[in-house]
Amino acid sequence: MNKCIGCGAKLQSDEQTKPGYVIKDKLESAKYCQRCFKITNYNEKLIMPLDNINEHIINELNKNNKYVYFLIDLLNINKETINTFKSIKNNKTLVISKLDIIPKSIKEIKIVDWLRDEYKIDEDIIFLSTKKSINIRSIEKTLLDNNRKDCYIVGYTNAGKSTLINKLSNHTNKITTSLIPNTTLDFIKIKLENITIFDSPGFTLNKTIYNDTDFDLMKRINPKDFIKPKTYQLKDNTYINIENKISINSNIANSITTYISNEIIIDKSFNKTKLDNLNKVELNVKQDSDIVIKGLGFINVKKASKITIYIEDESLIETRKSLFKEV
């Protein structure tokens, strides 16, 4: 049975709500399923839920002795995503994708040293920008230099893996790319001139600040340009509000700097309105620490203090040693 070259689903004409559906008359000739066709040509937002997708991907990787490139962007580095990387037993490289969004003040070597110190990453770390075609060919070169003929390219939703593969392959028939979760539904085999690449479904976070139908927020969370850090001065009676979903307060005069997409709405206020439906999280934060908001980015806090965060799900919050602190 043929597979959709856009998402990897097996083509079928029996159930319209299932992956890989095409109308019966097109079943033999179709290259793309109906869903991929609508996403690509009409920009429709068609989510296909996948049960236990993270476990499925890891099991598939670990039973095969293929090299793995794990894509992650700076805003999505957290305990959950790094633990997923570590659960892959294959030889692997951590690829920091979307190099073009990293503020110019943050040097690559600083990020590498911090990753090795904070998250105990021992594997190779490389940086990538598909937008500016930086290090695109280094993946193929690394494989060939080590006498490897195939690899998996994996990552969390919107890490840029399908865009990378489309750049590498230069095929007329492109893998479907989209901001929506689970655009790729199954593993896709792509033969290049010298190597074979396997695209995979994207890993998904257990929780996010948006729901599966909040397409506008999904779009704005993903930076289009390099991040412009924004610094705010807080007092005990001031709050930083993010998208009316998160509110942050410090018990002392403090300076915080946000590292999130420039499209995200942030405002400063002197009250905590609209917080009755949110959970209160209190953190004793050390001097020069980062507060991570999974799926959104991170916030640097300059002074040791008690930080109060109002948020719907407290599991989205974690703290860590700052990227800007000397390791």
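**Sheet, helices and cores of the predicted model**

Strands β1 and β2 pair in the parallel sense over six bridges. Within this pairing, L71 stands opposite V95 of β2. The structure described here is a predicted model. On its other pairing, β1 (residues 67-73) meets β4 (residues 150-155), again in the parallel sense, over five bridges. Y69 has I153 of β4 as its bridge partner.

These strands belong to an open sheet of six, ordered β3-β2-β1-β4-β6-β5. The pairing in the sheet is mixed. Its edges are β3 (124-127) and β5 (188-191), each of which pairs on one side only. From one strand to the next, the twist averages 25°. Helix α6 (residues 161-169) packs on the sheet. The strands touched by α6 are β1, β4, β5 and β6 (196-199). The direction of α6 makes about 145° with that of β4.

Six of its six residues are buried, so β2 is largely enclosed by the rest of the structure. Burial extends to both faces of the strand. K92, L94 and I96 lie on one side, and T93, V95 and S97 on the other.

In α4 (residues 108-118), the buried residues include I111, V112, W114 and L115. They are on the same side of α4, because they cover an arc of only 165° around the axis. The cover over the buried residues of α4 includes β2 (92-97), β3 and β16 (317-321). Just after α4, K120 takes a positive phi of about 55°.

In α1 (residues 34-42), R35, C36 and I39 are buried. Their arc around the axis is only 100°, which puts them on the same side of α1. An α-helix has 3.6 residues a turn, so residues three or four places apart point the same way. N43 follows α1 and has a positive phi, near 55°.

The cysteines were examined next. A search of the whole structure finds zero disulfides. C36 is accordingly in no disulfide. The nearest cysteine sulfur to that of C36 belongs to C4, 3.7 Å away. A disulfide would require the two sulfur atoms to lie within 2.5 Å. C36 counts as buried because its relative accessibility is 0%. C151 also counts as buried, because its relative accessibility is 0%.

Nonpolar packing was then considered. In soluble globular proteins, nonpolar side chains tend to be buried together. The largest nonpolar core here has 39 residues. Those with the most contacts inside this core are F70, I77, L94, I96, I102 and L115. At least two core residues come from each of α2 (53-62), β1, α3 (79-87), β2, α4, β3 and β4. Leaving aside neighbours within four places in sequence, I102 is in contact with L74, I96, I111, F127 and F226.

Notes: Residues are numbered from 1 along each chain as its sequence is written. This is a predicted model: local features need pLDDT of at least 70, side-chain atom pairs count only at pLDDT 80 or more; totals for chains, interfaces and linings use all residues. Side-chain values use heavy atoms; hydrogens and water are left out. Two strands pair if DSSP finds at least two bridges between them. Helices (H or I, at least four residues) and strands (E, at least two) are DSSP runs, numbered from the N terminus. Axes are lines fitted to C-alpha atoms, for helices over the stretch in contact, and angles run from 0 to 180 degrees between N-to-C directions. Contact means heavy atoms within 4.5 Å. Buried means under 20% relative accessible area, exposed over 50%, partly exposed in between (1.4 Å probe, protein chains only). The arc is that of the directions from the helix axis to the C-beta atoms. A nonpolar core is a set of buried Ala, Val, Leu, Ile, Met, Phe, Trp, Tyr and Cys residues joined through side-chain atoms within 4.5 Å.
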